[in-house]
Amino acid sequence: MKKFDRASFEAEILNSLEDLELKQRARLIADVMGRHLPRDLDERYALLEAILHPVADTDVDRASDELGIRGWGMMPLGMVVTDSGLEDFEKSFALLKEMTKRATTEFEVRPFLDRDQDKALSIMAPWVNDPSVHVRRLVSEGTRPRLPWGMRLKQLCADPTPVLPLLEALRDDPEEYVRRSVANHLNDIAKDHPDLVAEIAALWLRDADRNREKLVRHACRTLVKQGHSATLEAFGLKEPEISLEGPIVETGSVEYGSSLTFGINLTSTTKAPQQLVLDYVVHFKKANGSLAPKVFKWTKIALEPGQTVNLRREHAIRPITTRVYYGGTQAVSLRINGKDFGYSEFELIIEAT
């Protein structure tokens, strides 16, 4: 094995690093590493494993130090594996398994899944019983079909059934870190296969403990907001039998930077108790003048026959990075057990700057 040329390695990186964003920096380092590391895969992987930090910790803010690499410093190392190892799944997955304990490799396993899904899943399947919580989570998170900021797994978008046994094996994992990933994975699946997720929800809710019920509720959050009937039925939510006054907007105009305040008077009209999930919908004005609805979670209530409740809600309309506000007529409505009720307009006042 030839001696590593540290001076040349550092020079190729440091001359360009300062002007790059985080992912671009990782890409540069990975490219330079690829040129300087041994070409033999066994030697290359042995060196990568040797520089891993001995303390397994996936906190990305945990700094690397003289003992080894972890946290954000793992990004280029994972890229080297995907660049080098797509022809050797066994060796690459063995290294990614160690790497994920120091910073998740949920993005790095995806090219392997895309290349040969059956082979990748056969390697990952036994990991559902791994002692490391980070490895167990990787089984779910790495195979999410629509993982944010990750490459989309088109095969699993089309047919998620190959991963369902793995998710079922992890649904009662002792760590919420893992269960939360399973919930997010099911929420991904729901975007392409809502009826399938509703069926899974109904099955998993049978004799479910509190942790599993929480998982299923989080998994179905999008479907519940959409009013997906089979999902609502899985949670025992029927079409509401109510009379409703509202939403009653307290002021006809709302100044940007303050809050929209509204209330409702809700009465049960059925002879049996009923469970209600209340969301509210703010219809925001877009740049072209049309309105775009955005659903927000509100509350859950149990109503006895004939019972009336009065509820009040404030919704802040303040600067956020994910929305641009436009002045003019907007509206608020309700969504109860997936059904839409009421519609009240208000004026959003934005002072010219």
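The second largest cavity of this predicted model has a volume of about 40 Å³. A cavity is, on a 1 Å grid over the protein atoms alone, a set of points where a 1.4 Å probe fits but cannot get out, and lining residues have an atom within 4 Å of a point. Grid points are joined across faces, edges and corners, and a volume is the space filled by probe spheres set on the points. The lining of this second largest cavity consists of Leu-113, Asp-114, Gln-117, Leu-153, Lys-154 and Gln-155. Two or more of the lining residues come from each of α6 (110-115) and α9 (154-158). Helices (H or I, at least four residues) and strands (E, at least two) are DSSP runs, numbered from the N terminus. By class, the second largest cavity is lined by 2 nonpolar, 2 polar and 2 charged residues; Ala, Val, Leu, Ile, Met, Phe, Trp, Tyr, Cys and Pro count as nonpolar, Asp, Glu, Lys and Arg as charged, and the others, Gly among them, as polar.

The model is predicted, with local features requiring pLDDT of at least 70 and side-chain atom pairs counted only at pLDDT 80 or more, while totals for chains, interfaces and linings use all residues. Residues are numbered from 1 along each chain as its sequence is written, and side-chain values use heavy atoms, with hydrogens and water left out.

Over the whole structure, the search finds 2 cavities of 30 Å³ or more. The largest cavity has a volume of about 70 Å³, and its lining is formed by Glu-176, Arg-179, Arg-180, Ala-183, Asn-211, Lys-214, Leu-215 and His-218. The elements contributing two or more residues to this lining are α11 (176-190) and α13 (210-219). The lining of the largest cavity divides into 2 nonpolar, 2 polar and 4 charged residues.

Pockets were identified on the same grid, a pocket being an open set with protein on both sides within 12 Å along at least five of seven lines. The largest pocket holds about 730 Å³ of space. It is lined by 27 residues, of which Lys-23, Met-75, Thr-104, Phe-107 and Glu-108 are the closest to its centre. At least two lining residues of the largest pocket are supplied by each of α2 (22-36), α4 and α6, and α4 gives the most, with 5 residues. This lining comprises 13 nonpolar, 7 polar and 7 charged residues.

The second largest pocket holds about 610 Å³ of space. Among its 23 lining residues, Phe-9, Ile-29, Met-33, Ile-51 and Ile-69 are the closest to the centre. Here α1 (6-17), α2 and α4 each supply at least two residues, with α2 giving the most, at 6 residues. The lining of the second largest pocket has 16 nonpolar, 2 polar and 5 charged residues.

Asp-83 lies in helix α4 (residues 75-84). At 46% relative accessibility, Asp-83 is partly exposed; buried means under 20% relative accessible area, exposed over 50%, and partly exposed in between (1.4 Å probe, protein chains only). With residues up to four places away in sequence not counted, Asp-83 touches Arg-27 and Asp-31, a contact meaning heavy atoms within 4.5 Å. Asp-83 and Arg-44 are 39 residues apart in sequence, with a C-alpha to C-alpha distance of 12 Å.

In helix α8 (residues 133-141), 9 of its 9 residues are buried. The buried residues of α8 pack against α5 (89-99), α6, α7 (117-124), α10 (164-170) and α11. His-185, located in helix α11, is buried, with a relative accessible area of 0%. Beyond residues up to four places away in sequence, His-185 touches Ser-140, Thr-143, Arg-144, Pro-145, Val-163 and Leu-167; Ser-140 is one of the buried residues of α8.

The disulfide count is 0, a disulfide being a pair of cysteine sulfur atoms within 2.5 Å. The sulfur of Cys-157 is 18 Å from the closest cysteine sulfur, that of Cys-220, and therefore too far for a bond. Cys-157 is buried at 10% relative accessible area, and Cys-220 is buried at 1%.

The chain contains 15 helices and 8 strands. Of its 353 residues, 45% count as buried. The radius of gyration of the chain is 26 Å, whereas a compact globule of 353 residues would have a value near 20 Å; this radius is taken over C-alpha atoms, and the globule rule is 2.2 Å times the number of residues to the power 0.38. The C-alpha trace spans about 80 × 55 × 35 Å along its principal axes. Among contacts between residues at least 6 apart in sequence, 65% join residues at least 24 apart.
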